[in-house]
Amino acid sequence: MLRFCISATASNQGKTILTTALLYHFKESVRPFKIGPDFIDPQFHKRVCGTDSVNLDSFIMNEEQVSWLYAHYADKEVAILEGVMGFYDGDNKGCSAYLVSKLLNIPTILVLDGGGSYITISAVLKGLLEYKPDNTIKGVVLNNLSSKMHYMLIKNQIEADHVGIEVLGWIQKKLPALNDTHLGLDLKDLSKIKQISKEVLEHIDIEKLNHLHSANIRTTTGGCPYPFPTIFKINQKLAIVNDENFSFLYYDNLNFLKELYDEVVLVDSTKDEVIPNDCDSVYICGGYVETDEAYERVKNANIFKNSLIEHAKTKAIYAECAGLLYLSNGVDDKKMSGILDIDFTLDSRFNRLGYYYNEQGLKGHAFHYTKPTQKALTSAFDKLSKTPEGKGVFGSWAKGKVFGTYLHGMFRNRLIFQAELKA
C-alpha cells in the first residue's frame, strides 16, 4: 500500500499542484486526507478523484483520535495527505505536517521551489532535515524549473549531500495548462485537470515514488479501542443544511451524525428546499452567505427560509459561521432569516483566523471577515480565545433551542455536542 504526505517550505510552493496531479493519477484507488482544519482543499480533493477527503487535526483531536481516524478511513490502495503551510508550521499549536506524518509514520515528499537557485536548495533541505532529526522526509520534487539541466544541477547536489533522500523529479515552470487556472480555489472548472496532471507528472518518476515507503505504517485500526466518547443513539431525525453556500462539512462530522441520529437528511437552501416537518433538529454548516455571489443564491429562497423559521419556534438548530449569519437579521444590507435578533457587518480583513478555545475548553477553528454590531454583542456569550486562559471575544448567540457560533468543530470527540443538538 502506498502512503505519503505532500509538504513544502511554505504555502504557494506547489503542494496543491502536485497533490492534484497525483490524486488524478491514482483516482481509481486513492483516499485523500488534509492535515489541519481547512475546508476548501478537501472539497477540491473530492472533485479531482471522486473520493471524500478526511481532515486530520492533531490540535482539535488528540494523537489516539487522529490515529484512529486515519486508520478508519485509509481504505484504499493509496493514501495521500496534503500538508498545511510549511512542513513544521503549526508545531506550536500541535498540528503540522511534521507532527501528523510522524505520528502516523508516513513518508513525506517535499515540494521545493528551485526557481533562481540550485546549490542553495540543498542547504534549505539540510536545514529541514536537521531541524528535527526524527522527521519523515524521504523524497523531494523540485518545482518551478526551467530545464532538465537545471534539474540535474540540483539533483546531483542533493544526492551528494543527503544520503537516503530520493529526488523524484521536477515540475516545469509556467505549465501551459496552469496559465489561466486558479488551482486550489476554483471548485467548478475541472476540465483541465487531466492535462494538468499529465504536465505536472511528465518529469516525475512514478515508479520510484511507488517504492517510497516507511516501516510500520498504520493501515488499519488494528484492534485499537475507539478513542472517542461513546455514541448514545438519538432516536430523532436531523436535517443538515449543506450546499454550495453552506459547504463546510467535515466528512467525519457527516458520518458521525449519521451514527448519532436515527435518520439524517440533507437540505439544499440554494434550491429552496424545505426543512421537513418531521425533523427534530437542524444543523446549518459554515461556508459563504455574506458575499454578493453567495447571497444571490439564497436571498429568494423563501420556502427554505420560512420552513427554517417555523422549525425554530419549537425545535433545535445548531449553526456554524455562515449558518450563524443566516440566523441573524442580516449582514449590512443583506437580509437573512431574522431567527436571532442580531446583526453583522462585513469587514475588508479577517476578524478571526486560526485555532480557538471556547469557555468550556472545546477546541475548534474560526476564519471570518464579518463581525457583530455593538448591539449584537450585548446578547452574545461564550468567548473564543487563542489560548485556554485568554480573554477572548464573544462568538456565540442563542435563543431558546437555537444556537449559533463562529467556531467550527469536529464533533466525534465532543461529548457535549450530543446534548447540544438533542436539546
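The largest nonpolar core of this predicted model has 53 residues, a core being a set of buried Ala, Val, Leu, Ile, Met, Phe, Trp, Tyr and Cys residues joined through side-chain atoms within 4.5 Å. Leu257, Tyr283, Ile284, Leu308, Ile317, Leu327 and Trp397 have the most contacts inside this core. Here, buried means under 20% relative accessible area, exposed over 50%, and partly exposed in between (1.4 Å probe, protein chains only). In soluble globular proteins, nonpolar side chains tend to be buried together.

Residues are numbered from 1 along each chain as its sequence is written. Local features need pLDDT of at least 70 and side-chain atom pairs count only at pLDDT 80 or more, while totals for chains, interfaces and linings use all residues; side-chain values use heavy atoms, with hydrogens and water left out.

Rings of Phe, Tyr and Trp (its six-membered ring) pair if their centres lie within 6.5 Å, and planes under 30 degrees apart count as stacked, over 60 as edge-to-face and the rest as tilted. The count comes to 27 aromatic pairs by this rule. In one of them, Phe33 and Tyr70 have ring centres 5.1 Å apart and planes at 45°, so the pair is tilted. Because Phe33 lies in strand S2 (residues 30-35) and Tyr70 in helix H3 (residues 63-73), the pair ties together parts that are 37 residues apart in sequence; helices (H or I, at least four residues) and strands (E, at least two) are DSSP runs, numbered from the N terminus. Phe33 and Tyr70 are both buried.

Trp68 and Tyr226 form an edge-to-face pair, 5.1 Å centre to centre with 85° between the planes. Trp68 lies in helix H3 and Tyr226 in the loop between helix H8 (206-210) and strand S9 (234-241), so this pair ties together parts 158 residues apart in sequence. Trp68 is buried, with a relative accessible area of 10%, whereas Tyr226 counts as partly exposed at 32% relative accessibility. Elsewhere, ring pairs link Tyr283, Tyr318, Phe381, Phe403 and Phe411 into a cluster.

Charges also meet rings. A charge sits over a ring if NZ of Lys or CZ of Arg is within 6 Å of the ring centre and within 35 degrees of the ring normal. The charged end of Arg349 sits over the ring of Phe350, 4.8 Å from its centre, and Lys363 lies over the face of Phe59, at 5.0 Å from the ring centre.
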